[in-house]
Amino acid sequence: MNEIILLKLGELVLKGLNRRTFEDRLVANARRRLQAHGKFKVYTKQSTMYVEPQSEDCDLDGAWEAMTKLFGVVGLSRARACAKDKDAMLQTAVEYLGDRLAAAKTFKVESKRADKSFPMTSIQLSQYVGGELDEKYPNLTVDVHHPELTVYLEVRDYAAYVHADPEPGAGGLPVGVGGRAVSLLSGGIDSPVASWMIAKRGIALEMVHFFSYPYTSEEAKQKVLTLAKLLTPWCGRLTVHVVPFTAIQEELRRKCPEELFTVLMRRFMMRIAEAVAQRCGAGAIVTGECLGQVASQTMEAMRATTAVTTLPILRPVVGMDKEEIVRIARRINTFETSILPYEDCCTVFTPRHPRLRPVLGELEAAEAALDVEGLVKAAVDGIERVQV
């Protein structure tokens, strides 16, 4: 039989009567990710998802790479299927894992008998196959505690499966089971990480980017679109709502106190993000704010920006230090793009002495000089939507 991919389901197996909803979403997400790699049969059984190629031209390497980024999966293995017979499993182990068995010094065999009609217990099967492999490979010594190689035998409903040590999956919950949110995506390190972390909790995302041409360049916009594209293997298909923000920033510079500029700008961002959320049916706003990192990320400033929206603000990196955020950015391959030297709108007209603890009444008084509703409407009407 052909090589297949076994995916071990994560916390969704703990769900109660709605577990099937989670599994169905996971299968749908997997099928969509696999379309570019050929025709695969995807189904779940006993807390395991099976990805079986249906033709010889399927790209199993590409499918494997796609499945490593599938939220909802905690472990995955490339496996060989065989008949549910002890000697067939032994022969498959020799053929499929022969090179690894020949290179290892210590090993063990671990069996799982999901099909209870199989005549041997899990321990008996492990002892039989392990004993035969020990005789066949003089280089091997059995080590049941810390083996260099573990041979896994799984006797399931449709067949038996042989594989070696599984690799960790992406974890989390299937994207889409938790609803939809809009995520503010700048060109920095934090916001892509925040988006990834929220997607990991099953949230489908719409991205919002504030673009201040000509103060920010076309290269800066392309950088953000590249970041969004780097997130799609994890988050699925994304729409980036590119918001024209220049008029708002220029109006703030003309009519508002300089030290309040940053927080006032953030309040406009929240208003616009809420308008985008209403259009696309999102129930929350996601930001990459990290407590105390910059002037607009004090508790007082966060309270002031949150005050203009009724939607919950999700801040997944709020309690992390920069090293933790960078570590995740490297893992998800956004770090090198994030540090490219192109400015974003948050660096435009940065005040020399920003107010660290703004007072809400003072901000509202400053906004009284502005046509807030008209500025927000013009920005929303001017949004460019880019599919990545």
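Which residues does UniProt list for "binding site"? The unreviewed entry lists Leu-184, Leu-185, His-209, Phe-210, Arg-266, Gly-288 and Gln-297. UniProt positions are given in the numbering used here, feature names are shortened, and annotations may be inferred rather than shown by experiment.

Now the ground rules. This is a predicted model, where local features need pLDDT of at least 70 and side-chain atom pairs count only at pLDDT 80 or more, while totals for chains, interfaces and linings use all residues. Residues are numbered from 1 along each chain as its sequence is written, and side-chain values use heavy atoms, with hydrogens and water left out.

Let's take the overall picture. The protein has 13 helices and 15 strands. These are DSSP runs, numbered from the N terminus: helices are H or I with at least four residues, strands are E with at least two. The C-alpha trace spans about 85 × 40 × 35 Å along its principal axes. The protein has 388 residues, and 55% of them count as buried. Buried means under 20% relative accessible area, exposed means over 50%, and partly exposed is in between, with a 1.4 Å probe and protein chains only.

Back to one of those listed residues, Arg-266. Arg-266 sits in helix α8, residues 261-280. Is Arg-266 buried or exposed? Arg-266 counts as buried, because its relative accessibility is 11%.

On to the charges. How many salt bridges does the structure hold? There are 28 salt bridges. The term means a side-chain nitrogen of Lys or Arg within 4 Å of a carboxyl oxygen of Asp or Glu.

First up, Lys-8 and Glu-154. Their side chains meet in a salt bridge at 3.0 Å, N to O. Lys-8 lies in strand β1 (residues 3-9) and Glu-154 in strand β7 (residues 149-155), so this pair ties together parts that are 146 residues apart in sequence. Lys-8 is partly exposed, with a relative accessible area of 23%. Glu-154 counts as buried, at 5% relative accessibility.

Next, Lys-221 and Glu-384. The closest N and O atoms of this salt bridge are 2.6 Å apart. Lys-221 lies in helix α6 (residues 218-235) and Glu-384 in strand β15 (residues 384-387), so the pair ties together parts that are 163 residues apart in sequence. Lys-221 is buried, at 9% relative accessible area. Glu-384 counts as partly exposed, at 37%.

Then Arg-19 and Glu-23. Here the closest N and O atoms of the salt bridge are 2.7 Å apart. Both residues lie in helix α1 (residues 19-34), 4 residues apart, about one turn of the helix. Arg-19 is partly exposed at 22%, whereas Glu-23 is buried at 6%.

Now the surface. Patches are made of residues with over 30% relative accessible area and no salt bridge; like charges are joined within 9 Å, and nonpolar side chains (Val, Leu, Ile, Met, Phe, Trp, Tyr) within 5 Å. Asp-85, Asp-87, Glu-132, Asp-134 and Glu-135 form a negative patch. Helix α4 (residues 122-136) gives the largest share, 3 residues. Asp-134 is in that helix, and it counts as partly exposed at 32% relative accessibility.

There is a nonpolar patch as well. Leu-291, Met-299 and Val-318 form it, with about 280 Å² of accessible area together. Val-318 is in the loop between β14 (313-314) and α10 (322-331). Val-318 counts as partly exposed, at 31% relative accessibility.

Last, some backbone details. Where is the cis peptide bond? It joins Tyr-213 and Pro-214, with omega about 5°. Pro-214 is in the loop between β11 (204-211) and α6. Ser-47 is not a glycine, yet it has a positive phi of about 65°. Ser-47 lies in the loop between β2 (40-45) and β3 (48-53). Asn-333 has a positive phi too, near 70°. Its place is the loop between α10 and α11 (335-338).

That's the tour.

Definitions and conventions:
Accessible areas come from the Shrake-Rupley method with a 1.4 Å probe; for residues, only the protein chains shown count as cover. Lys and Arg count as positive and Asp and Glu as negative; His and the chain ends are not counted. The place of a charge is taken as NZ of Lys, CZ of Arg, CG of Asp or CD of Glu.
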